[in-house]
Amino acid sequence: VFRARICTHMFFILDTVFIRFFILYFFIYAKKHKYPTSGKTPMKEAIKVTLDAIPSLLLIIIVIGGIVGGIFTATEGAGICVLYCLILSICYRSITVKSFMKILVSSACTSGIILFLITASSAMSFVMAYSGIPAAISTGIMSISTNKYVILLLMNIILMVVGMFMDITPAILIFTPIFLPIAQSLGMTDIQFGVMLIFNMCLGNITPPVGSVLFVGCGISKISIEEVTKTLLPYFAVLFLLLLAVTYIPALSLGVPKLMGLI
């Protein structure tokens, strides 16, 4: 549990670093395509907007604070997030009984898509575990090269591909016992491996053909997967570079915990 808490803290820190990379990319992209900019907002209006947004901004503090503080899990945090947003909608009077019913129907449809994807990936994970494919993959990696960097690169590629087709939970349960000993033999700590593994799984969640988060986003915005994927390719490239940085630079995962005396 203690190590899981450390990994959680590191993910929030890494998120801050990654956001800086994406801000830089967004800036370059906007300049290249000459996106229009809005005028300067008057201070009086800015203060009014900020005060109006405080109840909504508290959601971030409640959810992230609860997860980091160990009050509830990330999954429970999602439920609390929905409940809090529903309460705000009622307070702001932005939701009616009719619209609430439409939201329930839409949520059921979206949940059906996710459950279908999870069911398919769970069946695939059973077949892989029964046929011994993960163990064969592990043996194949070790037979290809003895170079540390090559092996870690191959592990990342395999985990990314697995994440594209399988749900996070079965993928972690199947591949952690297989890849963790290899990573430890190469000098990687279990905390750094955990960060690398979850990073790969998160990439799989937004990558076709079975990226559940990508499917949900496309379903909400009514945009096809093909249209979105082409636009996301540069973002995938940035994320892959950040994944390599997490893999090959231990300080990104272990620097802050070491400074705080946690490890």
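Author: Begin with axes: these are lines fitted to C-alpha atoms, for helices over the stretch in contact, and angles run from 0 to 180 degrees between N-to-C directions. Helices (H or I, at least four residues) are DSSP runs, numbered from the N terminus. This is a predicted model: local features need pLDDT of at least 70, side-chain atom pairs count only at pLDDT 80 or more, and totals for chains, interfaces and linings use all residues. Residues are numbered from 1 along each chain as its sequence is written, and side-chain values use heavy atoms, with hydrogens and water left out.

Reader: At what angle do α7 and α8 pack?

Author: Helix α7 (residues 168-185) and α8 pack at about 140°. Their axes lie 10 Å apart.

Reader: Which residues in α7 and α8 meet?

Author: Contact means heavy atoms within 4.5 Å. On the α7 side, the residues include Ile-168, Ile-172, Phe-179 and Leu-180. In α8, Phe-193, Leu-197 and Met-201 are among those they meet.

Reader: How many of the residues of α8 are buried?

Author: Buried means under 20% relative accessible area, exposed over 50%, partly exposed in between (1.4 Å probe, protein chains only). In α8, 13 of the 16 residues are buried, so the helix is mostly covered.

Reader: What span should α8 have?

Author: The expected span is 1.5 Å times one less than the number of residues. For α8 (residues 190-205) that gives 22 Å, and its end C-alpha atoms are 22 Å apart, which agrees.

Reader: Which residues of α5 are buried, and which are exposed?

Author: An α-helix has 3.6 residues a turn, so residues three or four places apart point the same way. In α5 (residues 133-144), Pro-134, Ser-138 and Ile-141 are buried. They cover an arc of only 65° around the axis, which puts them on the same side of α5. That arc is taken from the directions from the helix axis to the C-beta atoms. On the other side, Thr-139, Ser-143 and Ile-144 are exposed.

Reader: Is Thr-247 buried or exposed?

Author: Thr-247 counts as buried because its relative accessibility is 3%. Its place is in helix α10 (residues 225-248). Thr-247 touches Leu-152, Asn-156, Met-188, Gln-192 and Met-196, not counting residues up to four places away in sequence.

Reader: What is the phi of Arg-93?

Author: Most residues other than glycine have a negative phi. Arg-93 is not a glycine, yet its phi is positive, about 60°. Arg-93 is found in the loop between α3 (74-92) and α4 (97-131). With 76% relative accessibility, Arg-93 counts as exposed.

Technical notes: Helix = DSSP H or I, 4+ residues; strand = E, 2+ residues; numbered from the N terminus.
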